[in-house]
Structures are given as C-alpha cells and as structure tokens.
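Subject: Structure for your review

Dear colleague,

Please find below the structure that I promised to hand over. My notes on it follow directly after.

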Amino acid sequence: MKRYGSIIGVKPEKLEEYKKLHAAVWPGVLAMIRECNIRNYSIFYKDGILYSYYEYIGDNYEKDMQRMAADPTTQEWWKLTDPCQQAVENRAPGEWWAAMEEVFHTD
C-alpha cells in the first residue's frame with residue numbers, strides 16, 4: 001500500500017458548488033475509484049486549498065490511473081469538478097493536482 005497526498009486551489013466562487021458535488025458523488029465515480037485500487041480517499045479544504053489523501057493498494061498505479069482517466073463517467077464528473085479547481089503555481093509539469101512528499105507517518 002502506498003499513500004498519496006496532493007493539493008490544488010479551489011476558485012472561491014466555486015467552493016460551494018464543489019462541496020455540493022462531493023456531498024453526492026455519483027455511484028459510477030465511486031465504483032471506478034474502488035476498481036482502480038484506491039481506498040481511504042478524503043479531500044480536505046483550508047484557505048482556498050484542497051488537500052487530497054488516499055491509499056493505493058494495487059500493483060500498477062499508472063495503469064489504474066489511465067483506466068480511471070479513460071472511464072466515460074469519470075470524464076463527465078471531471079467536467080463538473082475541474083472548472084471549480086485552480087492548479088497551484090509550483091506544481092510539476094503535467095500535474096493538475098500537485099503531488100506532496102510524505103515526511104511523516106505513524107500507525
């Protein structure tokens with residue numbers, strides 16, 4: 001199992017819309033997250049920043065992420081959520097959500 005944390009900005013005028021969407025995530029989106037070996041997924045908010053945390057239990061992360069990105073239901077979901085988000089300036093090339101480095105963990 002590997003833990004992933006990432007951040008992205010949220011447009012202030014879109015925060016309530018983003019929260020509303022996530023209060024009723026589509027069943028097909030939730031199913032695809034699970035099928036792609038993601039568990040314990042959470043998104044937190046603070047001062048204009050969304051923080052995402054999840055655990056990946058599969059053995060081919062890139063393949064699972066490609067599968068999720070190819071899913072038509074997930075693509076429709078992202079058409080609603082992406083306009084609410086604003087990438088942070090210091091993200092790596094090609095990133096939407098900026099990956100974070102894990103510096104501490106305890107069980």
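In which strand is Ala 99 found? Ala 99 belongs to strand E5, residues 98–99; strands (E, at least two residues) and helices (H or I, at least four) are DSSP runs numbered from the N terminus. Please note that this is a predicted model, in which local features need pLDDT of at least 70 and side-chain atom pairs count only at pLDDT 80 or more, whereas totals for chains, interfaces and linings use all residues. Residues are numbered from 1 along each chain as its sequence is written, and side-chain values use heavy atoms, with hydrogens and water left out.

Ala 99 counts as exposed because its relative accessibility is 56%; exposed means over 50% relative accessible area, buried under 20%, and partly exposed in between, with a 1.4 Å probe and protein chains only. Leaving aside residues up to four places away in sequence, Ala 99 touches Gly 5 and Ser 6, where contact means heavy atoms within 4.5 Å. From Ala 99 to Tyr 45 there are 54 residues in sequence and 16 Å in space, C-alpha to C-alpha.

The nonpolar cores

In soluble globular proteins, nonpolar side chains tend to be buried together. A nonpolar core is here a set of buried Ala, Val, Leu, Ile, Met, Phe, Trp, Tyr and Cys residues joined through side-chain atoms within 4.5 Å. The largest one has 11 residues in all, including Leu 21, Cys 36, Ile 38, Tyr 54, Tyr 61 and Trp 77. At least two residues of this core are supplied by each of helix H2 (27–35), strand E3 (49–56) and helix H3 (61–70). H2 gives the largest share, 3 residues. Apart from this core lies another, of 7 residues, with Leu 15, Leu 50, Cys 84 and Trp 97 among them.

In H1 (15–23), the buried residues are Leu 15, Tyr 18 and Leu 21. They line one face of the helix, because they fall within an arc of 125° when seen down the axis of H1; the arc is that of the directions from the helix axis to the C-beta atoms. Glu 16, Lys 20 and Ala 23 are exposed on the face turned away from that buried side. The buried residues of H1 pack against E1, E2, E3, H4 and strand E4 (85–86).

Which residues of H2 are buried? They are Val 29, Met 32 and Ile 33. Seen down the axis of H2, these buried residues fall within an arc of 105°, so they line one face of the helix. Pro 27 and Arg 34 are exposed on the other side of H2. The cover over the buried residues of H2 includes E2, H3 and H4.

H3 has Tyr 61, Asp 64 and Met 68 as its buried residues. Their arc, seen down the axis of H3, is within 70°, so they too line one face of the helix. The face of H3 turned away from its buried side carries exposed Glu 62, Lys 63, Gln 66 and Ala 70. E1, H2, E2, E3 and H4 are what the buried residues of H3 pack against. Tyr 61 touches Tyr 4, Tyr 54 and Tyr 56, not counting residues up to four places away in sequence.

The largest pocket

A pocket is defined on a 1 Å grid over the protein atoms alone, as an open set of points where a 1.4 Å probe fits, with protein on both sides within 12 Å along at least five of seven lines; lining residues have an atom within 4 Å of a point. The largest pocket has a volume of about 910 Å³, that is, the space filled by probe spheres set on the points. Its lining has 33 residues, and Tyr 41, Tyr 54, Met 68, Trp 78 and Trp 97 lie nearest its centre. E1 gives the largest share of this lining, 5 residues. The lining divides into 20 nonpolar, 9 polar and 4 charged residues.

Backbone points to inspect

Asn 40, in strand E2, is a residue other than glycine with a positive phi, near 55°. Asp 47 is found in the loop between E2 and E3, and its phi is also positive, about 50°. Asp 47 counts as exposed because its relative accessibility is 62%. After H2 comes Asn 37, with a positive phi near 70°.

Yours sincerely

Technical notes: Ala, Val, Leu, Ile, Met, Phe, Trp, Tyr, Cys and Pro count as nonpolar, Asp, Glu, Lys and Arg as charged, and the others, Gly among them, as polar.
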